[in-house]
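Keep the structure open while you read.

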Amino acid sequence: MARLPVTIRDMHLGDVEAVAEIEAEAFADAWPPSAFLDLLSHGYARLRVACEGSGEIAGYCVLLRAADEGEIANICTTLARRGCGVGAQLLDDALRLADTADVAAVYLEVRTSNGPARDLYGSRGFELVGRRRQYYQHPTEDALVLRRVRPVRSPA
């Protein structure tokens, strides 16, 4: 599938319903709309959406920050846009934001069975640092904990 060009921007209140629909379509244990609404009001959270030229939301990402660490708490695309590069663009955007904010390491969890996501994360420098047994439900499955350390900047 060809790479879908998208514009990535901050999530607005008006986006929450569409984001919650994408979330519910993808996950059996989906976050409720109130979770996104709550995070929008916190400075430690960056919620971003990927929009197609029509303005339709094709995916979203939630990046949380505490001190010099970050966590990609959620990243998802619509089922119709899987394999179109939207997730990669959202991930690259989140890592750029983390690097700009001097976040030393970014963590995330991924299902052991999610090969495409694991491949994407590996291509961006994420490495396995742990496992959470039976972390996911519906179906029950382990989560792999991955970490990406901020690349060393070469002196100017």
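Strand E5 (residues 105-111) and strand E7 are joined by seven bridges, and the two run antiparallel. One of the pairings to look for is Leu108, whose bridge partner in E7 is Leu146. Strands pair here if DSSP finds at least two bridges between them. The names come from DSSP runs too: helices (H or I) need at least four residues, strands (E) at least two, and the numbering starts at the N terminus.

A word on the source: this is a predicted model, where local features need pLDDT of at least 70 and side-chain atom pairs count only at pLDDT 80 or more, while totals for chains, interfaces and linings use all residues. Residues are numbered from 1 along each chain as its sequence is written, and side-chain values use heavy atoms, with hydrogens and water left out.

Now zoom out to the sheet. It is open and has seven strands in the order E1-E2-E3-E4-E5-E7-E6, with mixed pairing. E1 and E6 are the edge strands, as each of them pairs on one side only. On average, neighbouring strands of this sheet are turned by 25° against each other, direction ignored. Helix H1 (residues 16-26) lies across E2, strand E3 (57-66) and strand E4 (69-77), and runs at about 95° to E3. Such angles are taken between N-to-C directions, from 0 to 180 degrees, using axes fitted to C-alpha atoms (for helices, over the stretch in contact).

Next, the charged pairs. A salt bridge means a side-chain nitrogen of Lys or Arg within 4 Å of a carboxyl oxygen of Asp or Glu, and that rule gives twelve of them.

| Salt bridge | Closest N to O |
|---|---|
| Asp99 and Arg148 | 2.8 Å |
| Arg131 and Asp142 | 3.0 Å |

What does the Arg46 and Asp10 pair tie together? Arg46 sits in strand E2 (residues 45-51) and Asp10 in strand E1 (residues 7-10), so the pair ties together parts 36 residues apart in sequence. Arg46 is partly exposed at 33% relative accessibility, and Asp10 is partly exposed at 34%. (Buried means under 20% relative accessible area, exposed over 50%, and partly exposed in between, using a 1.4 Å probe and protein chains only.) Both residues also belong to a salt-bridge network that links Asp10, Arg46, Arg48, Asp93 and Arg96.

Asp99 and Arg148 are both buried.

In the pair of Arg131 and Asp142, Arg131 lies in strand E6 (residues 127-136) and Asp142 in strand E7, so parts eleven residues apart in sequence are tied together. Arg131 is partly exposed at 43%, whereas Asp142 is buried at 15%.

Back to H3: is this helix mostly covered or mostly open? It is mostly covered, with twelve of its 15 residues buried, including Leu90, Leu91, Asp93 and Asp99. Just after H3, Asp102 takes a positive phi of about 60°.

Finally, look at Glu141, which is in strand E7. Glu141 counts as buried at 14% relative accessibility. The side chains of Glu141 and Thr112 are joined by a polar contact of 2.8 Å.

Definitions and conventions
Polar contact = N/O pair within 3.5 Å; in protein donor to acceptor, adjacent residues only side chain to side chain. Contact = heavy atoms within 4.5 Å.
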